[in-house]
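Visitor: I would like to learn how to read a protein structure. Could you take me through this one, step by step?

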Amino acid sequence: MTPEEFRRYGHQAIDWVADYLAHPERYPVLPSVTPGQLTDALPACGPERGESMDAILADFERLIVPATTHWNHPGFMAYFATSGSPAGVLGELLTAALNGNGMLWKTSPAITELEQVTLRWLRQWTGLPDDWFGVTYDTASTASMHAIAAAREAADPGARTRGAAPGLVVYTSEQSHSSIEKGAMAVGMGQDHVRKVPVDAEFRMRPDALAELIERDLARGLRPCCVTATVGTTSTTSVDPVPAIADICERHALWLHVDAAYAGSAAVAPEFRWALAGCERADSLVTNPHKWLMTPVDCSVFYTRRPEILRRAFSLVPEYLTTKDDPRALNLMDYGVPLGHRFRALKLWFVMRSFGREGLAALIREHVRLAQDLAREIDGDPRFERTAPTPFSVVCFRYKGSDEENRRIQDRVNATGDIFLSGTVLNGRFTLRLAIGNQATTAAHVARAWELVRAQVA
Ligand code: PLP
């Protein structure tokens, strides 16, 4: 491609993105395709000869876009709704252009240092300790896996050479994300050594039950090693009582990891700082700007106050990667499994500078307000009930009927193409779950969702 062609197609692509981000609701939020439909529409083998960009871009619109679930759609209210804001998209574009790899400081000083700077800003904005070390990973799942590996390294320093000692135990609540259990599986601790601590009526980990499980394991000769608390659980956005959990961790010298993948972002607004209370006593914490901080996927931020343990667990420098840098030069490859390190900080920097802390706080505040307004509407309709408190921007509720009726409501609402809701199971019953987190979502979109839900039972 000549530079001139690149310029022409680049303008075309940016024009497409500008129109798309201005009007994502032109598309149905959920595509009406069946499994395998896109695969069948695409050639079975890649082209022998290069094709024209005109043909590739035309197929993008003709085939790819119609098979896309539009996370940018203001009616996307499933899982945790997210936004790839325009500023973040531009950052991602330039990341692709630079195509850097920040495995070592010298392989891209900008990747290493801008990451440290943006993660410091984020610590300041969310009230986390200033002396923590931060690194980005692709996802919170990867981050939590690294936290569990670091916890194991702290408890069992020989693990990296002779393999993991048996009997190390991880504790997390019944409501925590599956990535915690997966992390324990991945580092070889085994699912049998993951304790799911019971929760209270508001789906928060019960510290008394945690303490009891630890005592029971100790009595059986097992080795408690790590506790993961959640700030903003996946189903209900509940906040575990981190200060009480930290007390127990300190008593038993256990690694405390906090999964704040969703709700950590809320702390950029001072009135939600309460959610991170006690987290300054944690050993590590993950939060995902790609969830609620308007940053395109992927961007997960991992903090630890014990980076030397993470480094001890993962640093392995072959001959071909040794450097004679200034010892202050940070080599990000020492802090995890991946060698390559994407320039994620560039898009985060674009987002943080373009919105400012106040801009991000205002969006989060608005999302929470929309959710609270909807919660009140639901409370006022005797046919429905809320199934969990609504501390942030996710509302869990159900029609006072059977699970089957509630699943039918979800399916019918989703079939409209206007709104995408997901569900979960709470106290053994299926419940609808409406998550607000998209930059473009307004009161009108939430009203439309509520209207559609009610229309299914009228
Ligand atoms: N932790 C929590 C609380 C989540 O809700 C999720 C996903 O929704 C994750 C972790 C996993 O996030 P990721 O997709 O970044 O691995």
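**How two helices pack**

Guide: Two packed helices are described by the angle between their axes and the distance between the axes. Here helix α9 (residues 207–219) packs with helix α10 (residues 242–252) at an angle of about 20°, and their axes are 9 Å apart. Axes are lines fitted to C-alpha atoms, for helices over the stretch in contact, and angles run from 0 to 180 degrees between N-to-C directions. That makes α9 roughly parallel to α10 (angles under 35 degrees count as roughly parallel, over 145 as roughly antiparallel, 65 to 115 as roughly perpendicular and the rest as oblique).

Visitor: Which residues in α9 and α10 meet?

Guide: From α9 come P207, L210, A211, I214, E215 and L218, and they meet A244, I245, I248 and H252 in α10. Contact means heavy atoms within 4.5 Å. These residues divide into 8 nonpolar, 1 polar and 1 charged (Ala, Val, Leu, Ile, Met, Phe, Trp, Tyr, Cys and Pro count as nonpolar, Asp, Glu, Lys and Arg as charged, and the others, Gly among them, as polar).

Visitor: Before we go on, what kind of model is this, and how are residues numbered?

Guide: This is a predicted model, in which local features need pLDDT of at least 70 and side-chain atom pairs count only at pLDDT 80 or more, while totals for chains, interfaces and linings use all residues. Residues are numbered from 1 along each chain as its sequence is written, and side-chain values use heavy atoms, with hydrogens and water left out.

Visitor: At what angle do α1 and α3 pack?

Guide: Helix α1 (residues 3–22) and helix α3 (residues 53–64) pack at about 10°, with their axes 11 Å apart. That makes α1 roughly parallel to α3. Y9, Q12 and W16 of α1 make the contact with M53, D54, L57, F60 and E61 of α3. The residues of this contact divide into 5 nonpolar, 1 polar and 2 charged.

Visitor: How many helices and strands does the protein chain have?

Guide: The protein chain comes to 15 helices and 12 strands. Helices (H or I, at least four residues) and strands (E, at least two) are DSSP runs, numbered from the N terminus. Buried residues make up 51% of the 458 residues (buried means under 20% relative accessible area, exposed over 50%, partly exposed in between, with a 1.4 Å probe and protein chains only).

Visitor: Where does Y79 lie, and which residues is Y79 in contact with?

Guide: Y79 sits in the loop between β1 (76–77) and α4 (86–98). Y79 is partly exposed, with a relative accessible area of 45%. Leaving aside neighbours within four places in sequence, its contacts are W71, F420, S422, R433 and A435. Although Y79 and L421 are 342 residues apart along the chain, their C-alpha atoms are separated by 7.7 Å.

Visitor: What about the backbone: which peptide bond is cis, with omega near 10°?

Guide: The bond from V297 to D298 is cis. D298 lies in the loop between α11 (289–292) and β8 (300–304).

Visitor: Is N99 buried or exposed?

Guide: N99 is exposed, with a relative accessible area of 65%. N99 lies in the loop between α4 and α5 (109–126) and has a positive phi of about 50° although it is not a glycine. N427 also has a positive phi of about 50°. N427 is found in the loop between β11 (420–426) and β12 (429–435), and N427 is exposed, with a relative accessible area of 67%.
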